[in-house]
Structures are given as structure tokens and as C-alpha cells.
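Please read the model below slowly, one feature at a time.

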Amino acid sequence: MKPSDFKILIADDSMLARKKLKNCLAGLDYTNVIEAVDGENAVELFRNENPLLVFMDIVMPKKYGIDALKEIKTLNKDAIVVMVSSTGTKVNVADAIKAGANDFLTKPFTVKQVYDVLEHFNK
């Protein structure tokens, strides 16, 4: 699939974090990006937009990222959700994987790490 056809949802309450990831994606030609400002917004946008991949922060207002992940997985068990967090403790990683996360990126991430995730899931 062409990167421009690959719809991606970025869910993070930090505008700076969303912008950094969006710029990283654009540099890799992934330009079909929508943004959620909190966990509730992420679930709503997932339901309405049906993105192929979600980058989800863990610590967010209104709905914790792992709770949003669980809800997204009930909407679509095959949803691809990559958790992104600066709180990359073993407990958070384990909780995210247990809840159905497909992968985990720790902030700050590199362009290469994002590229590797995209290459893995864009087949």
C-alpha cells in the first residue's frame, strides 16, 4: 500500500508530541494523518475514520491510553495500535501488550524506529 493511502491516527494530549510524530510520518511520505487530543477523542475518531494504524500515548486526559486501546480493540480486534510513551516502564509495556497493543515506542523515538514500525505493518 502506498504511504499516502495508509490512514494513521495519532492520539496524544501534547500538541508538540503530535506535531513531532506527524512531521516524522510526513518525512516518510505518510501524509494521511488524523489527530486525537485525548483518549475519548481517539476512540471516537477510530470509530468514525477507521484508520489502519494508531499511535497512542499512554498518559492522556479523559481516557487513559490503555483504556482507549481496549475500547478500540473491542471495536476492531484486528486494529493495529502502537503505544507511544515516555513512561516506558516494564509495567506499562506489559499492561499495553496484555491489552492488545501491537508494538511499543518509547519517547523520544527516532525516525528509524517509526519507519521500522510502519514497514512492519504496511504489507
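**Reading the features in turn**

Q: Is D29 buried or exposed?
A: Relative accessible area decides this, where buried means under 20%, exposed over 50% and partly exposed in between, with a 1.4 Å probe and protein chains only. D29 has 52% relative accessibility, so it counts as exposed. D29 sits in the loop between α1 and β2, and although it is not a glycine, it has a positive phi of about 75°. Helices (H or I, at least four residues) and strands (E, at least two) are DSSP runs numbered from the N terminus.

Q: What kind of model is this, and how are residues numbered?
A: It is a predicted model, in which local features need pLDDT of at least 70 and side-chain atom pairs count only at pLDDT 80 or more, while totals for chains, interfaces and linings use all residues. Residues are numbered from 1 along each chain as its sequence is written, and side-chain values use heavy atoms, with hydrogens and water left out.

Q: How many aromatic pairs does the structure hold?
A: Rings of Phe, Tyr and Trp (its six-membered ring) pair if their centres lie within 6.5 Å, and planes under 30 degrees apart count as stacked, over 60 as edge-to-face and the rest as tilted. The structure holds 1 aromatic pair. F6 and Y30 form this edge-to-face pair, with 5.7 Å from centre to centre and 85° between the planes. The pair links distant parts of the chain, 24 residues apart, as F6 is in the segment before β1 (8–11) and Y30 in the loop between α1 (15–27) and β2 (33–36).

Q: Why does F6 count as buried, and what about Y30?
A: F6 counts as buried because its relative accessibility is 3%, and Y30 is buried with a relative accessible area of 3%.

Q: Which side chain has a polar contact with Y30?
A: A polar contact is a pair of N or O atoms within 3.5 Å; within protein, one must be able to donate a hydrogen and the other to accept it, and residues adjacent in sequence count only if both atoms are side-chain atoms. Here the side chains of N122 and Y30 are joined by such a contact of 3.0 Å. N122 is found in the segment after α5 (111–121), and at 13% relative accessibility N122 counts as buried.

Q: How is a cavity found, and which residues line the largest cavity?
A: Rolling a probe the size of a water molecule over the atoms shows where empty space is left. On a 1 Å grid over the protein atoms alone, a cavity is a set of points where a 1.4 Å probe fits but cannot get out, and lining residues have an atom within 4 Å of a point. The structure holds 1 cavity of 30 Å³ or more, and about 40 Å³ of space lies in the largest cavity. Its lining consists of I10, A11, D12, A17, L21, F55, M56, D57, V84, K107 and F109, and β3 gives the most, with 3 residues.

Q: What kind of peptide bond joins K107 and P108?
A: The bond that joins K107 and P108 is cis, with omega about -5°, and P108 lies in the loop between β5 (103–106) and α5.

Key
On a 1 Å grid over the protein atoms alone, a cavity is a set of points where a 1.4 Å probe fits but cannot get out, and a pocket is an open set with protein on both sides within 12 Å along at least five of seven lines; lining residues have an atom within 4 Å of a point. Grid points are joined across faces, edges and corners, and a volume is the space filled by probe spheres set on the points.
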